[in-house]
Amino acid sequence: MPSQWSLLLSDLLKSIEEHTMSYADKVRLRCVCASWRSQLPKLHDHPIGTRLPWLLVPFNDNLDSKGASKFYDPLEKKLYELDHLPEAEEKALFKGSTQGGWVVVAETGDKIYVVNPLTRARFQLPPRSKFPDVRKYRANKHDNEYLIREPHDFNEYYQMDATHLRNYFLPKVVLSPSTCDSTDFIAVAIYGEIGRLAYCRRGDKKWHVLSEEFTYSDVRFHEQVLYAVEFNGRLLAFDFNTNASCPKPKEIEIVAPFPTPLTGQLYLVWCSGGIIMVRRDTDLDDEAYDQDVRISVTLGFNIFKLDSTSDDGKGKWCEVESLGDHVLFLGLNSSTAFSCRDFPGCFKGNQIYCTDDNVSADAKGSGRLFDQGVYSLDEKVFERFPAYVGDTRQVWPAPIWIMPK
């Protein structure tokens with residue numbers, strides 16, 4: 001006897017399908033019975049879950065023992081189990097991720113490496129002790145492992161412990177699009193007390209100075225060109241389309257700095273065929289600050305598009321009010337943009353999904369929530385992700401966007 005579901009009128013079934021917005025729900029609709037599956041049009045392959053970012057959430061039981069890392073899908077609001085990931089433990093912090101599913105990890109003990117959470121494949125980058133600002137690394141000198149050069153006078157030095165250096169002197173590492181698919185990928189890091197740039201190629205034993213300028217806020221590859229923005233809005237480009245034996249790429253100024261530095265974190269995103277800059281306006285959480293915990297609270301965002309049509313050949317930032325049908329995923333990842341037209345029914349446009357990439361180490365175990373969620377530019381409202389993926393008593397380090405592959 002056929003199931004009662006199969007007796008549903010075809011016109012009514014098609015009407016239900018037309019009003020079903022989520023791609024995942026469209027799949028579930030076709031799984032109800034063979035009759036429905038035969039009456040509904042075949043679904044095209046959809047990139048959800050393989051191309052849209054998920055959160056890599058490192059769960060730790062009371063932060064004292066190993067926990068189980070999970071993926072969080074912010075669109076479906078679901079958690080997916082992931083076998084234990086040794087890299088997502090208290091001794092390590094996430095420093096970046098790529099669209100190819102790779103995560104950059106920095107340990108307290110000097111190591112920096114790249115790992116794929118699904119395949120467990122990994123490879124080493126030169127350690128933190130091989131950055132230009134380090135004169136000497138002494139692994140046996142607890143709390144004084146590093147001898148660091150003064151940023152404005154390389155003849156002067158000061159001591160620093162490994163944990164502090166890892167937490168605050170290596171904000172972000174990005175990788176070129178050819179990561180692990182090429183014998184010559186490039187890694188670029190923002191490093192040091194004042195945010196300079198260093199780079200390495202696969203197989204290098206040390207990091208090389210890329211720019212002596214300072215106060216870089218974000219870097220991002222597009223193809224083999226690295227774009228870097230300083231806190232004053234100055235935009236630079238470094239073309240790595242050269243042979244590995246050639247000198248380091250020359251820096252080219254695309255946008256001159258604003259008269260005064262911008263406050264807040266700046267991000268670079270490739271969107272609609274061009275580069276945009278996003279300013280994140282934050283303030284300290286007063287309640288957390290009263291508890292001696294420094295946690296930021298997102299207040300809003302400003303969007304700037306690059307205008308390259310000026311007569312002097314220089315570009316300029318022009319503020320815009322809307323992203324249109326695009327959504328952004330910002331954080332320690334290589335920030336990305338997607339059009340909701342490519343993902344019908346998955347999300348609304350003109351929104352920003354962001355993680356907490358400015359959390360202080362003193363927040364660990366405090367029970368405060370990470371500053372992560374989705375901001376609507378239309379409604380000027382920031383909705384935090386659920387507490388179960390943002391409670392600092394159970395989750396550490398801060399989650400990071402990753403595109404599982």
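The exercises that follow concern a predicted model.

**Exercise 1: cysteines**

Task: Find how many disulfides the whole structure holds, then decide whether C200 and C340 are buried or exposed.

Solution: Start with the sulfur atoms, where a pair has to lie within 2.5 Å to count as a disulfide. A search of the whole structure turns up 0 disulfides. Next, take the cut-off for buried, which is under 20% relative accessible area. C200 has a relative accessibility of 1%, so this cysteine is buried. C340 has a relative accessible area of 19%, so C340 counts as buried too.

**Exercise 2: a peptide bond**

**Exercise 3: positive phi angles**

Task: For R120 and E223, work out what the phi angle is, where each residue lies and how exposed each one is.

Solution: Begin with R120, a non-glycine residue with a positive phi of about 70°. R120 is found in the loop between β6 (112-115) and β7 (122-125). With a relative accessible area of 30%, R120 is partly exposed.

Now turn to E223, which is not a glycine either and has a positive phi of about 55°. The loop between β15 (216-222) and β16 (225-230) holds E223. Exposed means over 50%; E223 has a relative accessible area of 58%, so E223 is exposed.

Note on methods. Residues are numbered from 1 along each chain as its sequence is written. This is a predicted model: local features need pLDDT of at least 70, side-chain atom pairs count only at pLDDT 80 or more; totals for chains, interfaces and linings use all residues. Side-chain values use heavy atoms; hydrogens and water are left out. Buried means under 20% relative accessible area, exposed over 50%, partly exposed in between (1.4 Å probe, protein chains only). Helices (H or I, at least four residues) and strands (E, at least two) are DSSP runs, numbered from the N terminus.
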